[in-house]
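Trainee: I have a new model open and I'd like to learn how to read it. Could you walk me through it?

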Amino acid sequence: MVILNKKYLLMLLSILTLSFVLVACGGGEEEGTDEGNSGEDSGSEGGEEASGEFEEQSWQFVTEELKGEVQYEYAAEFAKRINEKSGGAITVEPLEYGALGSEVDQAQLLQQGGVQLAVMSPGFTGGQVPDGQIFSLHYFFPSDQEKVQEVLTNSEALNTDLRAKYEEHSISPLAFWTEGAMAWTSNVGIESPSDWEGLNMRVQESPLMRETYDAYGATVQSLSWSELYTALDRETVDAQENPLFFIESASFHEVQDSITISHHNNYVAMTTVNTEWYNGLDDNVKQLVDETVAEMQDWVFDEQKAQNEAGLEAIKADEENPTEIIELTDEQIAEFKKAAEPVHEYYKNEVEGIDPAIYDKLKEEIAAVEGE
Ligand code: 6CS
């Protein structure tokens, strides 16, 4: 109950704050502030006074999650490290989900330069950057999360080729990382593709997700996660996918009878910056950002692992809301893989605007890591 109230409060707050920010963005030049503007006026040139090696400046880092959850903790840790390394000259403000609107609003804000940094899930810009939908393919990435992280950190297909695709939209993904393996929740206990028949699945804003669940016989509905608890409770939506830590912290297990450990995919998040802002940074500041993002890959891997383990334990220990945990067998996984395969072909050959070479290169990189 407390969680629900908090979410509604956040949504209300977000609408008010977003209107304010959008007005500020639109009239930025007349108001005469550099903060939040993209381009060469912001960044280190917008600093007030020199403090050692770095000029004083402050940035906003928006996330899609609440305090205590992986994305927010990532932004808070990044803020701490940047502040320390810059001798206190650079201040980064981590923002919880809801402070500046929905996930889609936040992506737009970053693109407009209304915030400098964002943790972004590719699923919310799937229509704009079709190549980013590669992350919603099922049984494409390894199921071992260490291997997933290795691919995400080192892949040229992602960190060079896909990054260039996002940069056409003023989004620079500086790093890709896993928030953990996703599991399916439902009231039917999903064990085979046929269990999806007639279910309405919640998805993000990615057209490929429709195709993916259609292959199992389900319908889909796009929703922000903040509306999902109520939708599951009222049964306007029957199922959803998320990492275990998020299922527990958003209390989805309270309104779903079962969780399927499906190994179908992992939740990828991106550390993103507004491209024009980033390109306008002084070299030493850019280097500070890059090195901090790189060193945080290990930090965030450990953070998500600990949160996912604790999330599963908390779900198991919740006697008021008993949840059946179903672990798919190898045979059951093989059935799902077979059903998901045509969607890979569909993605490569039919989805408009994607570069199939990114798919091919990433597939080779994944095979190399799996063969290690
Ligand atoms: O399901 C979602 O949309 C949310 N899930 C996670 C793990 N993070 C934020 C995101 O918006």
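This is a predicted model: local features need pLDDT of at least 70, side-chain atom pairs count only at pLDDT 80 or more; totals for chains, interfaces and linings use all residues.

Trainee: What does the secondary structure of the chain come to?

Mentor: Helices (H or I, at least four residues) and strands (E, at least two) are DSSP runs, numbered from the N terminus. Here the chain has 13 helices and twelve strands.

Trainee: And how many of the residues in the chain are buried, as a percentage?

Mentor: Buried means under 20% relative accessible area, exposed means over 50%, and partly exposed is in between, using a 1.4 Å probe and protein chains only. Of the 372 residues in this chain, 56% are buried. Contacts, meaning heavy atoms within 4.5 Å, tell you about the fold too. Among those with a separation of 6 or more, 77% are between residues 24 or more positions apart.

Trainee: How do I read two helices that meet, say H3 and H11?

Mentor: Start with the axes, which are lines fitted to C-alpha atoms, for helices over the stretch in contact; angles run from 0 to 180 degrees between N-to-C directions. For H3 (residues 70-85) and H11 (residues 283-317), the axes come within 10 Å and cross at roughly 145 degrees. Next comes handedness: a crossing is left-handed if the near helix is turned anticlockwise from the far one by less than a right angle, and right-handed if clockwise. H3 passes H11 in a right-handed crossing.

Trainee: Which residues in H3 and H11 meet?

Mentor: On the H3 side they include Tyr74, Phe78 and Ile82, and on the H11 side they include Val289, Met296 and Trp299. The residues of this contact divide into ten nonpolar, three polar and seven charged. In that sorting, Ala, Val, Leu, Ile, Met, Phe, Trp, Tyr, Cys and Pro count as nonpolar, Asp, Glu, Lys and Arg as charged, and the others, Gly among them, as polar.

Trainee: Where does H12 bend?

Mentor: The bend at a residue is the angle between axes fitted to the seven residues ending there and the seven starting there. H12 bends by about 30 degrees at alanine 339, and proline 342 follows within four residues. For length, the expected span of a helix is 1.5 Å times one less than its number of residues. H12 (residues 330-350) has 21 residues and reaches 30 Å from its first C-alpha to its last, close to the 30 Å expected at 1.5 Å a residue.

Trainee: What covers the buried residues of H12?

Mentor: The buried ones include Ile333, Phe336, Ala339 and Tyr347. Their cover includes strand S6 (171-186), helix H7 (207-214), strand S12 (324-327) and helix H13 (356-370).

Trainee: What should I look for in the backbone angles?

Mentor: Most residues other than glycine have a negative phi. Tyrosine 139, by contrast, has a positive phi near 55 degrees; tyrosine 139 is in the loop between strand S5 (117-120) and helix H5 (145-154). Serine 170 has a positive phi too, near 65 degrees, and is in the loop between helix H6 (156-167) and S6. Tyrosine 139 counts as buried at 14% relative accessibility, and serine 170 counts as buried at 15%.

How values were computed
Residues are numbered from 1 along each chain as its sequence is written. Side-chain values use heavy atoms; hydrogens and water are left out.
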